[in-house]
Every structure is written in structure tokens, then in C-alpha cells.
Amino acid sequence: MHYVSAERISKTHGIKPLFSNITFHISEGDKIALVARNGAGKSTLLKILAGKDTVDEGTVWINKDVTVALFEQDPQFDESATVLDNIFHYRHPVAEALRNYEKVVAEGDSKDPAEMAAALARLDELGAWDFEAKVHQILGKLNIHNLQQPVKTLSGGQRKRVALAQILIDIGFEHRHVLLIMDEPTNHLDVGMVEWLENYLNQQNVTLLMVTHDRYFLEDVCDVIWEIDNEQLYTYRGDYQDYLEKKAARIENTLANIDKARNLYRKELEWMRKQPKARTTKSKSRQDNFYEVEAKAKQKVTDTQVELQVKMTRLGGKVAEMKKVYKSYGDKVILKGFDYTFKKGERIGVIGKNGAGKSTFLNMLQGFEPADSGKINIGDTVVFGNFSQQGLEIKEDMRIIEYVKNIAENFPLASGGSLSASQFLTLFLFPPEQQYTYLSKLSGGEKKRLQLLTVLFRNPNFLVLDEPTNDLDLPTLSVLENFLSEFQGCLLIVSHDRYFMDRLVEHMFVFEGDGEVRDFPGNYTQYRIEERAREKVKEPEVQAPKATAQATDAAPQKKKMSFKEKREFEQIEKEMPQLEAEKATIAEKMANPGINYDEIQKLSHRITEITNKLEEMEMRWLELSEMVD
């Protein structure tokens, strides 16, 4: 089924063209990733498809049977309402029933029994228990628990997670055709949440268009990549590695065509300068063709795959040492006797759940926060480069080039030369024509890029990067990774970007909670492989007591059945006889010799459905019956 068609559309932001004369189509089941530099029009294109912006030229057609759901980087809420009311804002009977049920449950011991009974009856009437379980899975995995909290009191990360829960729950109410559009869905999610979202989107029958900088997420979820480059849209089928290879081939082919066009341009330019007086039809056609050749010959192709050998500030033998370091906030323990001696050239990743104390650890190392006890000794030659989540520090509005020159006029290179502030800005994708833009006019991603540039421009020898990849586009990430892969100093990185970590770190500090920090010898993928192996080993230990419960005197206590499970148990006992009766009736009909082939096919399909359903219900009945007193 055709979802969307865009024919020869163009869009300009102010005087800057974003895309020009592009055409594309989206069909049911497509899962597309959109990549481009910050400011190239990615978010604008998503908003156009969601009906929140319009094109300057061309036409956009969206199938009338398709519902478009947009997840934005800056989600909009009813600020005066609760998390619960914002999540279940959708005008749908099941949504309203679930909102009412969750509201009553949240009242705890003070809830009215009559209200609870009415809420349960309504869920039974709508058959909404399966969806209620899905809602609880979404809320649990995204760590959303206080549903009565006002939205206006949430942090930026909490708002993003609530918006994500809202959109995932919303599309569940649409039983027909949904185009899910997502703008950076993995920002502010920890790695466990990102992996869950990957699995969730892969399991759902959803048509998807998204912008993301998380390359593993992109590879696992999407099978088509769109790229906006030089105002044009290019389509690549395959994973991220295929995209890189095909893009390199495209650029090489384009450069070859430009080279041919330049040779032809020189010949045609000489002919044009002669300007023959006789204007024949043939010469007029040749003149028109000249301008096409000229445009092609003057094309510029930017390749962001660069390397930069820095002249790093000398790092002495002593780098940093942490001895028996303790840190806690009230009952929350961050470090418990942490010991480590940092060595020259180390590349360490820091991972752990949100709130485990990763940022606090970085601040303590740099002297921004004190330890409760223990010693932190920093070498005399260490120059920290700190990229924090606080963002760009701007005391007054000024132009980009002025801001960088206030730090230094030149950046020294290991080869003995140097780069001017303007050249260094160009390297990090701020072309000369943009360098006189005021800081206040930059997008969020551009400010992040400039913040990163100013950290590196100070020539540190110990880089501390706290979530450096958030809001950065893929071309900028590629430049950053190439830079850091050549960096000779120490790296300490907190990031949820698994691809970024795999490429750059050699071992990791794993914050496991309660002050425990494990030093894992490997990158993130190797860590996850080991974790999954450990989880599989633990599984039989959990299941073993069930198998031997009847054979042992000290059998474990039965799990107490929840109110919802009691309702489910009663419902199964009620439905199973009904399904058995329907199965018997269908068998009788199929035994009738006068029945036609189409009817047999229909009844056969139904009896298969009933048999499968009965098997599922019997298994669930056995599980629940073990909890019955």
C-alpha cells in the first residue's frame, strides 16, 4: 500500500535552500533512516510530512487511510496536566478506560472500591487487558512510574521519555495504517532502553521514517537510508556500512563527472567567447547547453572523512590516581572505595544506568566536586578538556569566528604547521560563509558542534567527554571519531552511543549501582556479549526450584496472585468452554457432505485459530492455577 508520495518538492529557510526539486515515495512496511548535516532540513522534512510545515514548491500526497504520528526533539505537552493525562490524551475508548484505571490504581489504599470495580468492568467490556499489559511494559522499560507528577516539573530527559511513551501508546490505538515519524528517538535513553526500543520497533508492524545518530540503532531497525546532501535526496538500500560504501562510490563518480565537465567547460568557454555573429538554431542550443555544463563544472563536493594530527600538550609520567575514593548523596552511594591509576594514552568508556553517578565521577576527577573521603591526585602536566552536558557557555552574543579567536588564533599540528581558527572551523563543518553567523542563530546541534570544537581547540591532553554524541549529526560524528582515533592523550567517555564506544574505547568502567564499579577489559559489544552469557547461566538457577518444588520439604512459597491475574484466571475458565463448544460446532459443519470448498477453507482457518488459542489459554491456565490457594 502506498502511504506517501512527494513530487519535485523544494523548501527554503530564509535565504538558505534546504532541498530542491526532490521526489520520493513511502510504502507500507518501509523503515527508513534520514541522515544529513545539522541544518540541512531533516527536521523540516519530517514536519512537512506530519502537516506541521509546508513546501515552497511541489506536491505532497498522503493516503487518506494513513495516520501520521510525529515524535519531535522538543515535545509539546499540556504543562498544567499530569504525566498520566498527557500519555492518555488520545481520544479513544480504550485510552480513556486505561487512563481512568491507572488513575484509580495510583490512589493506592485510599481508592474507592466502587470506582475500581467500575474501572475493571470497563476494561473487561472493551477487552483491553492485553493492551494494558503492553502499556505497563512501555512505561516500565522507559522508567516512567510517577504518573501523577505534573509535566512541568520533569527534567529534559524525563520529558523525552514521556513523549516517547505517549507516541508508542498512541500508535497502539490505531489498528489500521500508521506512519511513525521519529526525530532522534534515542536521545536521553540509556543503553538498556535503546536496546528495548530496537526490539519493540522490530516486532511492531509499523511503517517508520526517523532521524537518528545512533548507527547500531539505525542498522538494527532500518533497511533504507535517505541522505539529504547538496539540496538533493539520495536513497541507499542496506545497512549503515552499505550506505558508507555506496556514498563513497557516488562521490567518486560525481568527482569524475565534474572533472569531465570541467574539461568540456574549458572548450565551450573558448567557443562562447568567440561569440559567432550568425545565430543559428544549432548555436543557440549549444549556448543553452553551455550553462548546464558550467553549473556541473562548478559543483563542489565536500568529503568530511578527514584526519587531524594534533600537537598535544606534553603529558608527563604521572597522569591521575584515585585512592580509596568514597562518594554518596544521602542514601545513594556513588563510589565505594574506588581505586584506579590512569596511564598515558588510555581510552576508557563509562557506562551504567541513568542516575548511577557517571557525571559525578567525571566531575570529581576534574576537581569540580569533592570526594567524601580518599585521595585524587592529578599530574602536573595534565590539561583536561571537558565536554559537559551543560552545553555552550555564552556570556554575550557574538559571531562564531570571534568566539573561537577569543580562545586562540591558531591550532598547532604535530607536523609543525598550524590551522587558523577559520580553517579549524571549516574542518568541523562550519564553512567560511557561516563563520560570521551569531551564536544565538545556531541550531541545537550546531551549538553542540561548536562546544566540542572549542574544547579541542584548547589543545588538552586528557579529554573528558560526557555524552558528546547527543544532537550531533552523522557527518560531524564521523569527523569527531576520526579526530579522537588519532588523539594521543587520555580519553574518558560517557556515551550511550554503542558504535562510538566500540570504535574508541579499550576498556570500560561499569557502574553497577551501590558504589560498585567494575573495570571491564573490552568495548561495549564485548561487554554485552558477556552480560547475555551471564544472564543465560543464571536462568536455570531461577527455574530450578520450580522443577523440584514438589520433591522438597522446604518448597518455596507460591507466588501470590494479583487482582489482575485473578480476573484473567476467571476469564480463561469462562472462555475455554465457549471455544471448545465453537470448535465442536465447526467440526460438525465440516462433516456435512453438502458444504462447498470456500466454506471449508473458512471453517478450517477458524478451527486452526481456535486450536492455537486454546493451547495458549491452557498453558496460561496452568501457570495461574499454580498460584491458586
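Start with D473 and R449: their side chains meet in a salt bridge at 3.6 Å, N to O. A salt bridge here is a side-chain nitrogen of Lys or Arg within 4 Å of a carboxyl oxygen of Asp or Glu. D473 sits in the loop between β17 (462-466) and α15 (474-486), and R449 in helix α14 (residues 444-457), so the pair ties together parts that are 24 residues apart in sequence. Helices (H or I, at least four residues) and strands (E, at least two) are DSSP runs, numbered from the N terminus.

Is this pair buried or exposed? D473 is buried, with a relative accessible area of 2%. R449 also counts as buried, at 2% relative accessibility. The cut-offs: buried is under 20% relative accessible area, exposed is over 50%, and partly exposed is in between, with a 1.4 Å probe and protein chains only.

Some ground rules. This is a predicted model, so local features need pLDDT of at least 70 and side-chain atom pairs count only at pLDDT 80 or more, while totals for chains, interfaces and linings use all residues. Residues are numbered from 1 along each chain as its sequence is written, and side-chain values use heavy atoms, with hydrogens and water left out.

Back to charges. How many salt bridges does a search of the whole structure find? It finds 25. One of them joins the side chains of R498 and E198, at 2.4 Å, N to O. R498 lies in helix α16 and E198 in helix α7 (residues 191-203), so this pair ties together parts that are 300 residues apart in sequence. Both R498 and E198 are buried.

Another salt bridge joins the side chains of K323 and E321, at 3.9 Å, N to O.

Salt bridges link R215, E481, D497 and R503.

Now look at H496. It lies in the loop between β18 (490-494) and α16 (498-504). At 14% relative accessibility, H496 counts as buried. Its side chain makes a polar contact with the side chain of E467, at 3.0 Å. A polar contact is a pair of N or O atoms within 3.5 Å; within protein, one must be able to donate a hydrogen and the other to accept it, and residues adjacent in sequence count only if both atoms are side-chain atoms. What does H496 touch, leaving out residues up to four places away in sequence? The list is L189, D190, V191, D214, N354 and E467. Contact means heavy atoms within 4.5 Å.

On to the rings. A search of the whole structure finds 17 aromatic pairs. Y240 and Y499 have ring centres 5.9 Å apart and planes at 80°, so the pair is edge-to-face. The criteria: rings of Phe, Tyr and Trp (its six-membered ring) pair if their centres lie within 6.5 Å; planes under 30 degrees apart count as stacked, over 60 as edge-to-face and the rest as tilted. Y240 lies in helix α9 (residues 240-274) and Y499 in helix α16, so the pair ties together parts that are 259 residues apart in sequence. Y240 counts as buried, at 5% relative accessibility.

F338 and F361 form an edge-to-face pair as well: 5.4 Å centre to centre, 80° between the planes. That pair links distant parts of the chain, with F338 in strand β11 (residues 332-342) and F361 in helix α11, 23 residues apart. F338 and F361 are both buried. They also belong to one aromatic cluster, with Y340, F342, F384, F462, F509 and F511.

Which ones? They are K358, T360, F361, L362, M364 and L365. T360 is buried, with a relative accessible area of 13%. T360 touches K327, Y329, I334 and E369, not counting residues up to four places away in sequence. Just after α11, G367 takes a positive phi of about 85°.

Last, the surface. M619 is in helix α19 (residues 597-625). M619 counts as exposed, at 52% relative accessibility. Together with W621 and L622, M619 forms a nonpolar surface patch of about 290 Å² accessible area. Patches are made of residues with over 30% relative accessible area and no salt bridge; like charges are joined within 9 Å, nonpolar side chains (Val, Leu, Ile, Met, Phe, Trp, Tyr) within 5 Å. Areas come from the Shrake-Rupley method with a 1.4 Å probe, and for residues only the protein chains shown count as cover.
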